[in-house]
Amino acid sequence: GLLEIRDLMLTLSGGTRIVLSADIAGTELGLATLASGRLMALTLDWQMDGRSLRPVMEEIGAKLVPGATGSQAVDAARAALREVMNALPEALLSDESRSALDRVVTAVPVGRGRLQMSLVVAEGIGAARLLVAGVAKDPLSPETQAALFDGASLQVMWEPGLAP
């Protein structure tokens with residue numbers, strides 16, 4: 001069993017479009033078997049309209065920093081994104097992909113453009129890896145992230161300024 005999900009698309013009225021594809025090994029279509037599967041590949045093609053992310057980032061930032069609103073909340077969410085990005089193992093991303101990811105984090109929530117990401121994991125990421133990372137003392141530690149993404153590669157491309 002390999003479940004291949006292709007071109008799952010979400011289009012919003014403002015111009016945002018997200019297209020996902022994934023390969024999940026060791027599963028069939030069903031909630032019970034999906035949990036036992038391993039993510040082998042995931043691709044994302046996201047055309048950002050420069051408007052849709054702001055309310056989401058404000059909401060997240062307000063939860064991260066109680067009382068934060070507006071730009072303060074957005075800055076808190078961006079700082080959290082940057083922390084997650086900086087925790088990703090060196091072996092996961094090429095310098096070019098890391099730079100592209102940095103440009104995306106800097107651009108959101110108002111950046112218009114196209115983000116393309118492709119994650120490939122030779123042995124797959126399954127429930128066991130996720131559980132180990134989830135119960136780790138520090139989920140963002142280099143050791144935890146290295147174990148989670150062992151054998152994985154992530155390619156990131158960012159094309160700024162495109163009209164969705």
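Five strands make an open sheet in the order E1-E2-E3-E4-E5, with antiparallel pairing. Strands (E, at least two residues) and helices (H or I, at least four) are DSSP runs, numbered from the N terminus. Two strands pair if DSSP finds at least two bridges between them. This is a predicted model: local features need pLDDT of at least 70, side-chain atom pairs count only at pLDDT 80 or more, and totals for chains, interfaces and linings use all residues. Residues are numbered from 1 along each chain as its sequence is written, and side-chain values use heavy atoms, with hydrogens and water left out.

- Axes are lines fitted to C-alpha atoms, for helices over the stretch in contact, and angles run from 0 to 180 degrees between N-to-C directions.
- E1 (residues 2–11) pairs with E2 (residues 17–25) in the antiparallel sense over eight bridges. Thr-11 has Arg-17 of E2 as its bridge partner.
- E1 and E2 form a hairpin with five residues between them. In the turn, Gly-15 has a positive phi of about 115 degrees.
- E2 also pairs with E3, antiparallel, over nine bridges. Here Arg-17 has Gln-47 of E3 as its bridge partner.
- E3 and E4 run antiparallel and are joined by 10 bridges.
- E2 is mostly covered, with seven of its nine residues buried. Buried means under 20% relative accessible area, exposed over 50%, and partly exposed in between (1.4 Å probe, protein chains only).

**The largest nonpolar core**

- This core has 29 residues. Met-48, Leu-92 and Leu-115 touch the most other members.
- At least two core residues come from each of strand E3 (38–49), helix H2 (53–64), helix H3 (70–87), helix H4 (95–107), strand E4 (112–125) and strand E5 (152–160).
- H4 gives the largest share, five residues.
- A nonpolar core is a set of buried Ala, Val, Leu, Ile, Met, Phe, Trp, Tyr and Cys residues joined through side-chain atoms within 4.5 Å.

**Packing of H2 on H3**

- The H2 and H3 axes lie 7 Å apart, at an angle of about 80 degrees. H2 and H3 are therefore roughly perpendicular to each other (65 to 115 degrees; under 35 is roughly parallel, over 145 roughly antiparallel, the rest oblique).
- Contact means heavy atoms within 4.5 Å. On H2 the contact residues include Arg-54, Met-57 and Leu-64; on H3 they include Val-74, Arg-78 and Leu-81.
- The contact residues divide into 10 nonpolar, three polar and three charged. Ala, Val, Leu, Ile, Met, Phe, Trp, Tyr, Cys and Pro count as nonpolar, Asp, Glu, Lys and Arg as charged, and the others, Gly among them, as polar.

- Gly-1 lies in the segment before E1. Gly-1 counts as exposed, at 80% relative accessibility.
- Not counting residues up to four places away in sequence, Gly-1 touches Ile-24, Ala-25, Gly-26 and Thr-27.
- Gly-1 and Gly-37 are 36 residues apart along the chain, and their C-alpha atoms are separated by 9.1 Å.
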